[in-house]
Amino acid sequence: MSTFKACVLAAADAVEAAREDLGALDGVAGDGDHGITMTIGARNVRQRIAAAGDVSDLDLLRQVALGMGAVGGAIGPIYATGLLRIGAALKDRETWSLTTADLRAAAEAAETSISTLGKASPGDKTILDALHPLVEALRAAEARGDDADVAVQAAAVAARQGAESTATMTAAIGRASRLGERSRGFADPGATSFAIVVEALARAYRSQKTGLE
Amino acid sequence: MNQLTAAPKGILKKIINDPFDAVDEMLEGFVAAHADVVRFATPRVIARREPAVDKVGIVIGGGSGHEPAMAGYVGLGFADAAAAGNIFAAPPPDICLDAMKAASSGKGVLLIYGNYSGDILNFGLGAELAAAEGIEVRTVLVTDDVASAPRAEIEKRRGIAGDIHVFKCAGAMAERGASLDEVERIARKANAATRSMGVALSACEVPGSGRLTFDLPADQIEIGLGIHGEPGVRRGPIMPADEIAAILVDSILKDLETPSGHEFALMINGLGATSYLDQYILYRAARKELEKAGNTVSRSLVGEFITSQEMSGASVTVTILDDELRGLLDAPARTPRVVQ
């Protein structure tokens, strides 16, 4: 199994394991179904990966994009667009031993596409508040000349810190924005589930790399 | 069965199996029960049993969990296809595209759905895909909920029960063989003539989520609360129906150019758990308020048209009628929800 496939499956498991917590968080300013929504996405992704069989990492990425896109709502198109843009950014990479520069370019492509599609910016209390710090962390890692493994771990920490910082914000767009001040004090569910995804990818990536040594 | 595959536990009693299968099982039951009128075009697109030809196609849709909306409005005199998403979630672009293809007979497609950002995103992407396949697509967003934004920002308002009047007028116009320009004009006219406002008494639960969609103390009601639990304009103690009706009708009439002299179609929409006893009492009270203000009511609908599962509450919807809109509301229809 490729490193990428192992990482994606680990992320799917982590998202599904967090279903109740994400639902509770979403119950504050939303309708409480973010955990279920992300679980539907995780199951779609697993099904598509299993059905795809032995394909390239780029094709696998496309399956992940389609699997997440199929959940619809607000989060579906956001993941689909971001992942497809990552695919476009990495399409010339024959094999997926990705450099820090590759990861940085991919994350930047995702952020631009999501920001454009969702008409959101950092500070609006959305997934971008976890994604933008992740991009910044990868830029810093690239500037320092860090290896991909170090960069990935730093990216996960940045995403989690970004997600936690949304607790102090009030939502500017989406359903929660109608709640105004009532949404302050609780983190954004979309940013939080994104942090869970990235942390799981980073953990799986590390254990894959360690296993190979 | 491990933690990852165990069916999630909800908190309200429901008649469901695995919550993750709820939407698909509901649609299968729906299509089987109404097979005289509808069929599956794809597993998440409900289309007319006999596709219409040589007319503008009407596509409606949105999240599931609002039954009988939206599939209940597919059929003669209403829509040609409905795209169904997960509970309270807009359907993804490919499903929206499937609905547009099922509805298209070469004279263009009009999308009509409630003004919600998820729906705009997904239907919008679907419309781009349809345009790439040569289907001309226009969109009308329903914005009848006066509680959701001030009059100066009317384009930000949510679509609630007013959907049904807009579907009916546009559907009837399309049935006459009108052009896409004319059907769009009618849909915009019906939307502009429609105002709604609701009151919520208790919340619903997205199957398997384990929590209610909003918190509302047992002795309180919330005026203006949305069909997904979006916050309203006022929360307070339970009050008599006449007082609720006075507040709702007053808000609606204040939102019009003039509060009097109109002929209205009046709809009371139950949100799913409110009895018909309550609905008819609210109708009586709302009608009295409209008439007291110098208006007449010539067409009426009372019932569950767009629900929020077991949410209790109801909304008042009025549409200002002229000869054109009245004729379209009166036109024949045959769908799972409406037969006339």
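1. Two strands are taken to pair if DSSP finds at least two bridges between them, and helices (H or I, at least four residues) and strands (E, at least two) are DSSP runs numbered from the N terminus. In those terms, chain B of this predicted model holds an open sheet of six strands in the order S9-S8-S7-S12-S10-S11, with mixed pairing. Its edge strands are S9 (234–237) and S11 (296–303) of chain B, each of which pairs on one side only. Neighbouring strands of this sheet are turned against each other by 15° on average, direction ignored, where axes are lines fitted to C-alpha atoms (for helices over the stretch in contact) and angles run from 0 to 180 degrees between N-to-C directions.

2. On conventions and confidence: residues are numbered from 1 along each chain as its sequence is written, while chains are lettered from A and ligands numbered from 1 in the order in which they are written. Because this is a predicted model, local features need pLDDT of at least 70 and side-chain atom pairs count only at pLDDT 80 or more, whereas totals for chains, interfaces and linings use all residues, and side-chain values use heavy atoms, with hydrogens and water left out. The mean pLDDT (the predictor's confidence in each residue, from 0 to 100) of chain B is 96, and 98% of its residues reach 70 or more. The model scores ipTM 0.87 and pTM 0.93.

3. Within the sheet of point 1, strand S7 (residues 194–202) and strand S12 (residues 312–320) of chain B pair in the antiparallel sense over eight bridges, and B:Arg195 has B:Val318 in S12(B) as its bridge partner. Helix H5(B) packs on this sheet, touching S7 and S12 of chain B (contact means heavy atoms within 4.5 Å), and its direction makes about 55° with that of S7(B). Helix H6 (residues 241–254) of chain B lies across S7, S8 (220–223), S9, S10 (263–270) and S12 of chain B, running at about 150° to S7(B).

4. Chain B also has an open sheet of six strands in the order S1-S2-S4-S3-S5-S6, again with mixed pairing. S1 (38–42) and S6 (137–142) of chain B stand at its edges with a single partner strand each, so one side of each is left without a neighbour in the sheet. The twist from one strand to the next averages 25°. Strands S3 (residues 57–64) and S4 (residues 81–87) of chain B pair in the parallel sense over five bridges, with B:Ala84 in S4(B) as the bridge partner of B:Gly62. H5(B) packs on this sheet too, touching S3, S5 (109–114) and S6 of chain B, and its direction makes about 10° with that of S6(B).

5. The contact includes B:Val166 and B:Met173 of H4(B) and B:Val183 and B:Ile186 of H5(B). By class, this contact has nine nonpolar, one polar and two charged residues, where Ala, Val, Leu, Ile, Met, Phe, Trp, Tyr, Cys and Pro count as nonpolar, Asp, Glu, Lys and Arg as charged, and the others, Gly among them, as polar.

6. H4(B) also packs with helix H8 (residues 323–330) of chain B at an angle of about 90°, with their axes 8 Å apart, which makes H4(B) roughly perpendicular to H8(B). Here B:His165, B:Lys168, B:Cys169, B:Ala172 and B:Met173 in H4(B) meet B:Leu325, B:Leu328, B:Leu329 and B:Asp330 in H8(B).

Methods:
Parallel < 35°, antiparallel > 145°, perpendicular 65-115°, else oblique.
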